[in-house]
Amino acid sequence: MDSPSSSSMINFYYNEFFADGDGSTDEELEQEAVTSACQLAVRYVNHSRRPEAPKNKRGYVERDRRAAHERLMKDYFDEAPTFSNEVFRRRFRMSKRLFLRIVNDLEANYDYFKQKPDARGYLGFTGIQKCTSALRILAYGNTTDINDEYLKMAEKTTRDSLEHFCRGIIDVYGARYLRTPTWEDLQKIYEVHNAEHGLPGMIGSIDCMHWRWDNCPTAWRGQHTRGDQKGPTIILQAVASQDLWVWSAYFGVVGSCNDINVFEQSPLLEEWISGKAPKASFYANGNYYPHGYYLSDGIYPRYSIFVKTFSDPIDEKRAYFKKVQESSRKDIERCFGVLKQRWQYLRNPCRAWSKQKMRDAMYACIIMHNMILEDEGKAICQNYVPEAVQQEHPQASMEERVSNARELRYEPYHSQLMVDLVHHAWSVRYVPPEGEEETEDEEDEVGEGDESEDEN
């Protein structure tokens, strides 16, 4: 319908009030004309105004939190739960006693994990529900809306629970389960590594792992991308012992760097230069060494704290040491494999938008990995002494830092250590008795004879 024009309005008023001679007075005609004009103006304004868009109100989903909590308790935490402890261990990646310990500690230190009423007066989620939601995301690597059906938890609440859970794990348990080894710890580590690998003074194995960043900003993709990776990544440098305990973790370096770049800016190097790294002496081939070392691959420099393999061994001793070193260095590779298999969140490309959230998730997974090892009795160092960890180290002077850096990069020390380890590994190798070899040869000959007789 078109809007009325000015000429049509004039004709309407003339025909309506002035053309008919019905005997009305001028005042009455003016009053009727003004009233009719006002009504017509209102109709014109309403007709020409744009229609108002309907207001979209946010939909509310009624979630029965109490029923979800009761179902969760009935399935896993009652005296006679539906699922056994083995199923709990597989789905939560840890034992029930360790999970309840984490829940109780987080509830005692953070108000977020305490059950509180909302603005309507209804009770919110319990600490067990929030911790279960965070663990399911880390363990299975699912999206944050996966818990809406079973735990009746919205997507935003799941994201908040995951962030608070990771931050709480780091704050409460980081000082204990991401500590550097003490002198007592190093003695136990030396003993186990010497018995398992035949290498005295070995602290652990060092290597790097890439975690793909799916939501990396476009402006940062160049510095986070490397040719051997499928997309933008962030690097983790870790040191692990034979029991897969992570003694050092440094995460956050851009994916375009190599292992040398990561080590040169890691706190592990700074601890050795500043003198804060714990040291324990050992003997190899009868020679004294003041501190231990890490097994590494060929890219790392020839520092006094690294023991690498030989790319081209020239004799039988070096060939045997190459085999021992490469097999022992699989500890860190196995550790990365267990981390990714236990926490599928680290195996899949990360969908977080900030590095800080990725860093919190990585450190939280490593801390819980160490907690699981201790809880199951698989850790080398079970006895924890907080007083030994909280020792204050004085600030090193510039002369001391220069001396430590020179000692760290002293190549003759590295070469002499390699020679002594080669001789030590060759001297402690297992040599089967001659009778066993002859017996095996005789059995092989007998077996071949039987086969020939059968064939005949």
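1. The expected span of a helix is 1.5 Å times one less than its number of residues. Helices here are DSSP runs (H or I, at least four residues), numbered from the N terminus. The model is predicted: local features need pLDDT of at least 70, side-chain atom pairs count only at pLDDT 80 or more, and totals for chains, interfaces and linings use all residues. Residues are numbered from 1 along each chain as its sequence is written, and side-chain values use heavy atoms, with hydrogens and water left out.

2. Take helix H5, residues 96-109. Its 14 residues should span 20 Å at 1.5 Å a residue, and the end C-alpha atoms are 20 Å apart, which agrees.

3. Which residues of H5 are buried? Lys-96, Leu-98, Phe-99, Ile-102, Val-103 and Leu-106 are. Buried means under 20% relative accessible area, exposed over 50%, partly exposed in between (1.4 Å probe, protein chains only). An α-helix has 3.6 residues a turn, so residues three or four places apart point the same way. Arg-97, Ala-108 and Asn-109 are exposed on the other side of H5.

4. Now the rings. The whole structure holds 30 aromatic pairs. Rings of Phe, Tyr and Trp (its six-membered ring) pair if their centres lie within 6.5 Å; planes under 30 degrees apart count as stacked, over 60 as edge-to-face and the rest as tilted. Phe-77 and Phe-92 pair edge-to-face, at 6.4 Å centre to centre with 80° between the planes. Phe-77 is in helix H3 and Phe-92 in helix H4, 15 residues apart. Both are buried.

5. Tyr-320 and Trp-426 have ring centres 6.0 Å apart and planes at 80°, so this pair is edge-to-face. Tyr-320 lies in helix H12 (residues 316-328) and Trp-426 in helix H18 (residues 411-427), so the pair ties together parts 106 residues apart in sequence. Tyr-320 is partly exposed at 26% relative accessible area. Trp-426, at 19%, counts as buried.

6. Ring pairs also link Tyr-76, Phe-77, Phe-83, Phe-88, Phe-92 and Phe-99 into a cluster.

How values were computed:
Helix = DSSP H or I, 4+ residues; strand = E, 2+ residues; numbered from the N terminus.
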